[in-house]
Amino acid sequence: MSIPTRAAVVESGGAPFTLSDVELAEPGPHEAVVRMVATGLCHTDLGVASGGLPFPLPGVLGHEGAGVVEAVGPAVTGVAPGDHVVLSFTSCGECRNCRGGHPAYCATWLPLNLIGGRRADGSSTISRGGEELGGHFFGQSSFAERALVDERSLVKVDPEVPLTSIAPLGCGVQTGVGAVWNVLKPVTGSTVVVLGAGAVGLSAVMAAALTPATHIVAVDRVAERLSLAKELGATHTVDASEADLGEALAGITGGQGADGVVETTGNVGVLRQGVDALAARGTLVVVGAPPFGTEVALDVNGLLGGKQVVGLTLGDAETQTFIPALVRLVKEGRLPLHRLISTYPFAEIDQAVRDMGAGKAIKPVLTF
């Protein structure tokens with residue numbers, strides 16, 4: 001028997017989100033029904049809604065969910081009804097990368113999470129009036145009052161922590177923190193530069209502040225976000241609308257360059273500047289995602305000093321251990337994620353989209 005609920009449906013590329021009555025399929029053996037409490041709004045959702053990625057529309061997006069488990073399939077063992085959960089990406093669990101602790105690089109990641117719109121077996125998870133909709137987005141499609149979620153997308157969390165305060169952990173925050181902790185791994189005296197002070201970039205700043213890095217530089221064009229970056233742990237800020245990035249970083253680092261750079265803007269010109277600003281043996285982590293097929297020109301000889309450019313998906317995190325650790329840091333006040341969050345009732349999703357696009361909200365979180 002199908003499960004009725006209400007969801008925000010994108011009818012076609014560029015169309016607004018429209019609240020609509022839909023039906024969820026019965027949970028499969030490795031799925032659960034989750035009553036949503038909150039879900040973050042991410043630029044990836046907006047990119048798909050705009051028609052910029054080949055996800056089947058009409059469809060239901062949302063991939064930073066948090067809620068309470070209502071029912072589970074017969075093979076689910078990790079959670080039970082009543083458990084509080086944060087939802088993240090899904091993965092097959094069987095390929096080399098999944099078995100090696102790198103599920104964000106699952107061999108079937110793209111169809112399972114971003115562009116498939118269906119379960120791995122091709123079946124639909126959401127319908128409306130008997131017509132199938134695109135769903136299974138990141139194994140969850142959490143822009144709905146209830147979501148049918150892959151077991152591998154579910155992370156059981158401390159029930160004492162308000163779910164609204166930790167919904168963004170499943171994607172944006174995990175990505176920014178993982179860029180610093182899992183890739184750059186700053187050592188004593190390191191310089192970490194974060195290009196872009198949005199939700200991912202500010203998460204990287206907070207993560208860097210919990211490492212031995214002594215110089216943490218936030219770069220953006222919005223003065224208010226740079227001020228917030230200072231409050232969250234940045235030791236220096238650069239307003240890219242007023243200063244030359246290369247010259248500013250040379251001044252901050254005494255001409256040595258940056259040991260680590262996190263590029264969150266998706267602007268290839270900014271990415272190039274970040275690579276040029278690296279110290280010998282420095283690493284730039286590419287997090288920001290421009291449209292598919294975008295290329296960047298690099299000075300090959302400039303890379304010969306041991307520079308590395310590393311692409312990153314979802315922080316290269318193993319969610320079952322990484323997300324509970326982040327929840328504990330939020331609970332203890334060591335990861336002040338609340339400074340990034342603006343809450344909106346679910347029915348005001350389009351206002352949240354507008355505020356995010358205008359830069360008024362760093363991390364909108366929809367509440368149910």
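Modeller: One definition before we start: two residues are in contact when heavy atoms of theirs lie within 4.5 Å. This is a predicted model, so local features need pLDDT of at least 70 and side-chain atom pairs count only at pLDDT 80 or more, while totals for chains, interfaces and linings use all residues. Residues are numbered from 1 along each chain as its sequence is written, and side-chain values use heavy atoms, with hydrogens and water left out.

Colleague: How do I read a helix? Which residues of helix H8 are buried?

Modeller: Two terms first. Helices (H or I, at least four residues) and strands (E, at least two) are DSSP runs, numbered from the N terminus. Buried means under 20% relative accessible area, exposed means over 50%, and partly exposed is in between (1.4 Å probe, protein chains only). H8 spans residues 268-276, and its buried residues are Val-270, Leu-271, Gly-274 and Val-275. They cover an arc of only 140 degrees around the axis, which puts them on the same side of H8. The arc is that of the directions from the helix axis to the C-beta atoms.

Colleague: What covers the buried residues of H8?

Modeller: The cover includes strands S11 (191-195), S14 (258-263), S15 (278-286) and S16 (308-311), plus helix H9 (300-303).

Colleague: And at the start of H8, which side-chain oxygen reaches a backbone nitrogen?

Modeller: Look for a polar contact: a pair of N or O atoms within 3.5 Å; within protein, one must be able to donate a hydrogen and the other to accept it, and residues adjacent in sequence count only if both atoms are side-chain atoms. Here a side-chain oxygen of Asn-267 comes to within 2.8 Å of the backbone nitrogen of Gly-269.

Colleague: You listed S11. Which residues does Thr-191 touch?

Modeller: Thr-191 is found in S11. Thr-191 is buried, with a relative accessible area of 7%. Not counting residues up to four places away in sequence, Thr-191 touches His-215, Val-217, Thr-253, Ala-258, Asp-259 and Gly-260.

Colleague: Now sheets. What is the order of the strands in the open sheet of five?

Modeller: Strands of a sheet pair through backbone hydrogen bonds, either parallel or antiparallel. Two strands pair if DSSP finds at least two bridges between them. The open sheet here runs S4-S1-S2-S7-S8, with antiparallel pairing. S4 (59-60) and S8 (131-133) stand at the edges with a single partner strand each, so one side of each has no neighbour in the sheet. Inside that order, two bridges join S2 (residues 17-24) to S7 (residues 126-128). One of the partner pairs is Glu-23 with Ser-127 in S7.

Colleague: Is strand S3 enclosed or open, and how many of its residues are buried?

Modeller: Nine of the 10 residues of S3 are buried, so the strand is largely enclosed by the rest of the structure. S3 (residues 31-40) pairs antiparallel with S9 over five bridges. S3 also pairs antiparallel with S5 (residues 65-72), over seven bridges. Arg-35 has a bridge partner in each: Arg-146 in S9 and Val-68 in S5. Val-34 is partnered by Ala-147 in S9. Three antiparallel bridges join S3 to S18 (residues 363-367), where Thr-39 stands opposite Leu-366. S9 (residues 146-150) is mostly covered too, with four of its five residues buried.

Colleague: Loops next. Where is the place of Gln-140?

Modeller: Gln-140 sits in the loop between S8 and S9. Gln-140 is buried, at 1% relative accessible area. A polar atom of the Gln-140 side chain lies 3.1 Å from the backbone nitrogen of Gly-65. The backbone oxygen of Ser-88 is likewise 3.1 Å from a polar atom of that side chain.

Colleague: Cysteines. What does the disulfide count come to?

Modeller: A disulfide is a covalent bond between the sulfur atoms of two cysteines. The rule used is a pair of cysteine sulfur atoms within 2.5 Å. By this rule the count is zero. Cys-95 is in no disulfide; its nearest cysteine sulfur, that of Cys-98, is 3.6 Å away. Both count as buried: Cys-95 at 15% relative accessibility, Cys-98 at 10%.

Colleague: Finally, which residues does the UniProt domain annotation cover?

Modeller: The unreviewed UniProt entry gives "domain: Enoyl reductase (ER)" for residues 14-366. UniProt positions are given in the numbering used here, feature names are shortened, and annotations may be inferred rather than shown by experiment. In the model, that span is 27% helix and 25% strand, and its end C-alpha atoms lie 20 Å apart.
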